[in-house]
Amino acid sequence: MAKITASVFTSHVPAIGAALDLGKTHEAYWQPLFAGYDYGKQWMKDNKPDVIFLVYNDHATAFSLDIIPTFAIGTAEQFQPADEGWGPRPVPVVKGHPDLASHIAQSVIQQDFDLTIVNKMDVDHGLTVPLSLMCGQPPADNFEWPCPVIPFAVNVVQYPVPSGQRCFNLGKAIRKAIETYDEDINVHIWGTGGMSHQLQGARAGLINKEFDRVFMEKLINDPQAAADISHIDYVREAGSEGIELVMWLIARGAMNDVNGGKAPLLKQRFYHVPASNTAVGHAILENQF
Amino acid sequence: MALDKPYLDVPGTIIFDAEQSRKGYWINQFCMSLMKAENRERFKANERAYLDEWAMSEEQKQAVMARDLNWCMRTGGNIYFLAKIGATDGKSFQQMAGSMTGMTEEEYRNMMIGGGRSVEGNRYVGENGSAQAQNQPQGSAGKKAN
């Protein structure tokens, strides 16, 4: 049977993608940020998953205002890196895992979460920046990501976004779905976005290190307390776009300890301000069996 | 019964809710069109003519041509959509966000390097933090403009 072996949490700032693509990673501004992912890149090589279930949000890329799904699962064979207005990022096509993705869709809908099934979509920096941070740039002679990826897009653009509690419960449902998949494969679940940031208005540039520290603490050690945080607290304390942190709770809800198992092992915890407008947080949790 | 909108007392912030989304449908859909290189070229060649192809209000068109992102947002624009205009102009997200504060690019960048804007005084309308109405514009870019 398939099992979830680890969860990875990371911000997904577009400027990080630009810094990588334009070769700026060694500049003094960016160096401390990328250094925080050195461990994660090595860890990915040592703990290569068969599939990554990647929770992210679309930033008005695949979904315009024509259709706004709250939860969308990508079931396609592949997903093209999107042109977000600056031209597409020079990164590999994202190969999906249609078989596992449709299995998860069926199981999760039967557990009363209404997913939108997406057979065609481009993926933006929300998905490709975490891959770049954790996998590095694939070599030209083997230009692909290390494994298939199932994109799972959450609406955090138009309010109201799903609550932290709902995301946490959804993570539990996704876990059940993955555990009933017959193949013996090793799945990572990633939660991306955040941490504190606001991209709009006179309050643009808001950063709240104390909120981020407490959130990270709760996420790791008391995830139910993190799930209890209300929308308005994210907006007021972490900025209007800090609400992306609800996506981390989907990944956290899929871990063993909140489903009757052992507490996870914390392998990495990192925090840096700023990347462009944003506080960057990153953590790796390994399930214990 | 009116909907619960607990976020209306957060200073310097417009939450993109269903009402804003309804109001901003066309300005945001116009922005989406800029994800195609050929549309970016057509827009740059003649902004007014390109905007006139969309069912936007005159105010929305003026706000776009003025590149006033706060104004765009008041008319229903959302920052992730409006970012396509910035991308078309070759602007980074930091330049776009900074432009909404009245700071110069350098002032805003320095604020971020210094740890960002503090939440103190910026949680509720009526406090006295940097994002409050009585403290606008915040930087020399905005002061020059006024």
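The model is predicted.

**Stop 1: chain B as a whole**

How many helices and how many strands does chain B have? It has ten helices and zero strands. Follow the chain along its sequence and the pattern reads α-α-α-α-α-α-α-α-α-α.

Now switch to C-alpha atoms. Along the principal axes, those of chain B fill a box of roughly 45 × 45 × 25 Å. Chain B has 146 residues, and 40% of them count as buried.

Next, think about contacts in chain B between residues at least 6 apart in sequence. Of these, 58% join residues at least 24 apart.

**Stop 2: the domains of chain B**

Colour residues 15-89 of chain B. That is domain 1 in the domain assignment. How far apart do the C-alpha centres of domain 1 and domain 2 of chain B lie? The answer is 25 Å.

**Stop 3: where chain B touches chain A**

Bring chain A into view. Chain B puts 47 residues into the contact, and chain A puts in 33 residues.

Select these elements of chain B in turn; each gives two or more residues to the side that touches chain A:

- α1 (18-23) and α2 (25-33) of chain B
- α6 (69-74) and α7 (79-88) of chain B
- α8 (93-99) and α9 (105-113) of chain B

Which helix gives the largest share of this side? Zoom in on α7(B), which supplies seven residues. Then colour the side of chain B that touches chain A by residue class.

**Stop 4: a helix pair in chain A**

In chain A, select helix α6 (residues 164-179) and helix α10 (residues 246-253). Two packed helices are described by the angle between their axes and the distance between the axes. For α6 and α10 of chain A, the angle is about 30° and the axes are 6 Å apart. Angles under 35 degrees count as roughly parallel, so α6(A) and α10(A) are roughly parallel to each other. Their crossing is right-handed.

Show the side chains where the two helices meet. On α6(A), look for residues including A:F168, A:L170 and A:I174. On α10(A), look for residues including A:V246, A:L249 and A:I250. By class, the contact of α6(A) with α10(A) has nine nonpolar, four polar and two charged residues.

Notes. Residues numbered from 1 in each chain as written. Chains lettered and ligands numbered in written order. Predicted model: local features only at pLDDT ≥ 70, side-chain atom pairs only at ≥ 80, totals over all residues. Helix = DSSP H or I, 4+ residues; strand = E, 2+ residues; numbered from the N terminus. Buried ≥ 20, exposed ≤ 12 C-beta atoms within 10 Å, placed from the backbone. Contact = placed C-beta atoms within 7 Å. Domains from an automatic or database assignment. Axes fitted to C-alpha atoms, helices over the stretch in contact; angles between N-to-C directions. Parallel < 35°, antiparallel > 145°, perpendicular 65-115°, else oblique. Left-handed = near helix turned anticlockwise from the far one by under 90°. Nonpolar A, V, L, I, M, F, W, Y, C, P; charged D, E, K, R; others polar.
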